Amino acid sequence: MSSAPHKKALLKVIILGDSGVGKTSLMNQFVDQRFSNQHKVTIGADFIMKDMLVDGRLVTMQIWDTAGQERFQSLGVAFYRGADCCVLAYDVTNSTSFKNLDPWRDEFLIQASPRDPEHFPFVLLGNKVDLAQDRAVSRKKAEAWCQTKTKMPYFEVSAKEAVNIDLAFQTIARAALARESQDTQDFPDFPAQVLLDCGNAKSSSFCSCQ
Amino acid sequence: MSSRYVERLTRVEEVLLLKKLKIDMKELKHACSYGIPDQLRPLGWRLLLNYLPTERAVWKRFLETQRENYDALVSQFIEGNDGENEGDHPLNESNSSEWKGFFDDNVTLAQIDKDVRRLCPEIQFFQQITAFPHKLKNNVRCKSPNDVCAAAEVVEGERQWQVLERILFIYSKLNPGVKYVQGMNELIGPLYFVFASDPDVEWAEFAEADTFYCFQQMMAEIKDNFIKTLDDSQCGIESTMRNFHDLLKSFDPLLHNHLVVKLQIQPQFYAFRWLSLMLSQEFALPDVITLWDSLFADPCRFSLLSYVGLAMIESQRDFLINATFADALRLLQNFPEGIDVGTLVCLAHDIREGRVASIKPPEEKKNIVARAGNLKDKLREFAGNLKR
C-alpha cells in the first residue's frame, strides 16, 4: 500500500521560457482545452489550479505561468521556491528561444536552489509544431540537448491544435509527484512562516512578538 | 446623466475656461480627482502629465514645436540612416558597428511587436486602421530575415498598434537605461486611446506625437519600477511592493495576517502587476481610464495607486478573510468584474485622508469584529451612493 493513499497531493509546477513561445497558451489549453492568441502579456506570473488523475491518484496541479522577458527574472525567486517540477518551453520556429533554454534552466536552479539540482525534474516542451513550414529547431537537436540534461523528457506540442498537451502534462505531473513524495525538505532556504511576520523592520507595533 | 457627473463636468470646465489664461494646476487636480468628463480628458491629461504648459497663450507654438521634434525623431530612428560604413559588416560585434546596433534593435523591435499586437484583445480599437498614419510612415519593420520577426503584413494603411510600436521603439532608443520592458505596452495603450479618440480632429491628428511626450512624462515618474538593477533599492518595485503590504498591515492587520502571514501570499504574486502597470490589466479599458483620471490628478503622484489597491482588497474583504491560498490568489489575479472603480477611488481617498478608520486589532476580539463590521457598512454605503 502506498503511503497516504487518501491524501490529495498538491503539486507546484512552474513554466519558464522566452516571451512569446506560448507558455500562457499551453497552460490555457491544458486547463480549459481552449486556444486563443488573444491574451494579454503576462506580467509577473499567473496562477492556475487543476485537478487531474495520475496513475489512478487524484492530484492538484498548481501551475505558475511566468513572464518571459529577462527583466522579470529577479522576481523569480518568489515563484520558483517549492516547485516540484519545472517546465521549460521554447518555440520550434524560433531558434533564439531554444538557445535560451540553458540560461532559463540555470536561472531556475540558482534561484530555487533545490537539493540535488542534478536530479530536479524538468520537462521540455517544443511548442508550435503546427507551423511545420517555419520550423527552425529540429526534433533531433532538441532531443540531443535533453540527453545532456539527465535525459529530460521532451514533447513536441501545439497549444493551438492541442497536440500532445495532455500527454506532456501527465508526464509533468508524474515527475512532480515523484519529487514531491521524495522529500518535503526540498528547499532548505524556504523561510519559516514566523520569520516573515517578525523579521520585518517596518512591522507595526501590533506585531505579535513585541 | 447623474447630477454628480454634471457637477464634476462643471467644475473641470470652470478650471479650463477659455478666458483663464493660465491654468491653475492645483485647482485642476482638485477638480479632476474623482474623474474627468470624456470631452475634457484629452486636454486634462496633457495638462496633468505636465506636458502642456499652464499658459494657454503658448500652447499653439509649443505643440507645433513638439510635434515637429517628434517627426525629427521618427526620421532619425525609423527612417534610419542607410549610409554605408566602410569596413562594417553584419558579423562586426563592436559597439560602433551599425550592424550590431541593427541586430540589437531587431531584438527590441521583435519584443515590442509581439506585445503591442496583443494589447487589449477584448476591444477592436488597436487592430483598426488609423486615420492619421505617420507622414514619414516607413513603418517600423525589421529589414532582415531574422527569425524573430514576423513577416511584414500587407495592409492598406497602418493599424493603431503599429503607431504604438513606433512610439515605444523611439522611447527605447532614447532611453537606453530603461529600453523597452514588457508592460510598457499596457501603459501606453490608454494614453493613446484617449488622445486618438479625441472628437476634436485637430487634436486627434497629433495623437501619436502627444502620446509619445505624455508617455515620456509618465515614465519619468515611474520608470524605476522597470529597471531591474533598482529592484532592491529604495525606489525600486520591491520596496513599493513591501510598502504596499505594510499599508495593508497597518490598515487591516487581521486581513494582512490571514493573507500574508498565514497563506504566505507575497506581493510579487499579484501586486507587482497592479502597481507596475497602474492597474491597467485589472480592469476594462474604460474603467482604467476613469481610474487614471484620479491617479493623474493626485497631487502626490502616484501615492493614490497603493490606496486604490488597498480599496480593492478591502472591497473583497468578506471573501478574502476566509479564503484558501488558491481562492484568494485567484481573486487577486482576476479581480471580479462589475466593481465600480469610482467607488474604489472614493474609498482610496477616504482611507488615505483618514475618513475611514483603520481596523486596528484592539485588546478584545469582539472589538475587531465590530470595527470590521463598521467598515463593511461603510463599503456598502459607498457602493450604494455610487450606483445611484
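In which loop of chain B is the place of B:Lys179? In this predicted model, the place of B:Lys179 is in the loop between α6 (160-174) and α7 of chain B. Helices (H or I, at least four residues) and strands (E, at least two) are DSSP runs, numbered from the N terminus. Phi of B:Lys179 is near 60°, a positive value in a residue other than glycine. With a relative accessibility of 47%, B:Lys179 is classed as partly exposed; under the criteria applied, buried means under 20% relative accessible area, exposed over 50%, and partly exposed in between (1.4 Å probe, protein chains only).

Residues are numbered from 1 along each chain as its sequence is written, and chains are lettered from A and ligands numbered from 1 in the order in which they are written.

The secondary structure of chain B consists of 18 helices and zero strands. Of the 388 residues in chain B, 54% are buried. Among the contacts in chain B (heavy atoms within 4.5 Å) with a separation of 6 or more, 72% link residues 24 or more positions apart.

Two local features of chain B involve the region around α14. A cis peptide bond, with omega of about -10°, joins B:Arg301 and B:Phe302. B:Phe302 lies in the loop between α13 (285-297) and α14 (303-315) of chain B. Helix α14 of chain B contains B:Leu304, a residue that is buried, with a relative accessible area of 1%. Apart from neighbours within four places in sequence, B:Leu304 is in contact with B:Ser294, B:Leu295, B:Asp298, B:Ala348, B:His349 and B:Arg352. B:Ser294 is ten residues from B:Leu304 along the chain, and their C-alpha atoms are separated by 8.1 Å.

The interface between the two chains was examined next. The size of an interface is often given as the accessible area lost when the parts come together. Chain B and chain A bury about 3,700 Å² between them, 52% of it on carbon and sulfur atoms; this buried area is the accessible area (1.4 Å probe) that two parts lose on being put together, summed over both. B:Arg118, B:Gln182 and B:Lys228 supply 17% of the area that chain B buries against chain A, more than any other three residues. The contact involves 44 residues from chain B and 37 residues from chain A.

Two salt bridges are found across the interface of chain B and chain A, a salt bridge being a side-chain nitrogen of Lys or Arg within 4 Å of a carboxyl oxygen of Asp or Glu. One such bridge unites the side chains of A:Asp46 and B:Arg273, at 3.1 Å from N to O.

On the side of chain B that touches chain A, two or more residues come from each of α5 (98-117), α7 (184-196), α10 (237-251), α11 (253-262), α12 (271-276) and α16 (325-333) of chain B. The largest share, six residues, is given by α10(B). By class, this side of chain B has 16 nonpolar, 13 polar and 15 charged residues; Ala, Val, Leu, Ile, Met, Phe, Trp, Tyr, Cys and Pro count as nonpolar, Asp, Glu, Lys and Arg as charged, and the others, Gly among them, as polar.

In chain A, strand β1 (residues 9-16) is mostly covered, with seven of its eight residues buried. β1(A) runs parallel to strand β3 (residues 57-66) of chain A, to which seven bridges join it; two strands pair if DSSP finds at least two bridges between them. A:Leu11 stands opposite A:Met61 in β3(A). β1(A) also pairs with strand β4 (residues 85-91) of chain A, in the parallel sense and over four bridges, and the bridge partner of A:Ile15 in β4(A) is A:Val87.

Helix α1 (residues 23-32) of chain A is likewise mostly covered, eight of its ten residues being buried. The buried residues of α1(A) pack against β1, β2 (45-54), β3, β4, β5 (122-127) and α6 (165-182) of chain A. A:Gln33 follows α1(A) and is found in the loop between α1 and β2 of chain A. Although A:Gln33 is not a glycine, its phi is positive, at about 50°.

Conventions
Predicted model: local features only at pLDDT ≥ 70, side-chain atom pairs only at ≥ 80, totals over all residues. Heavy atoms only, no water.
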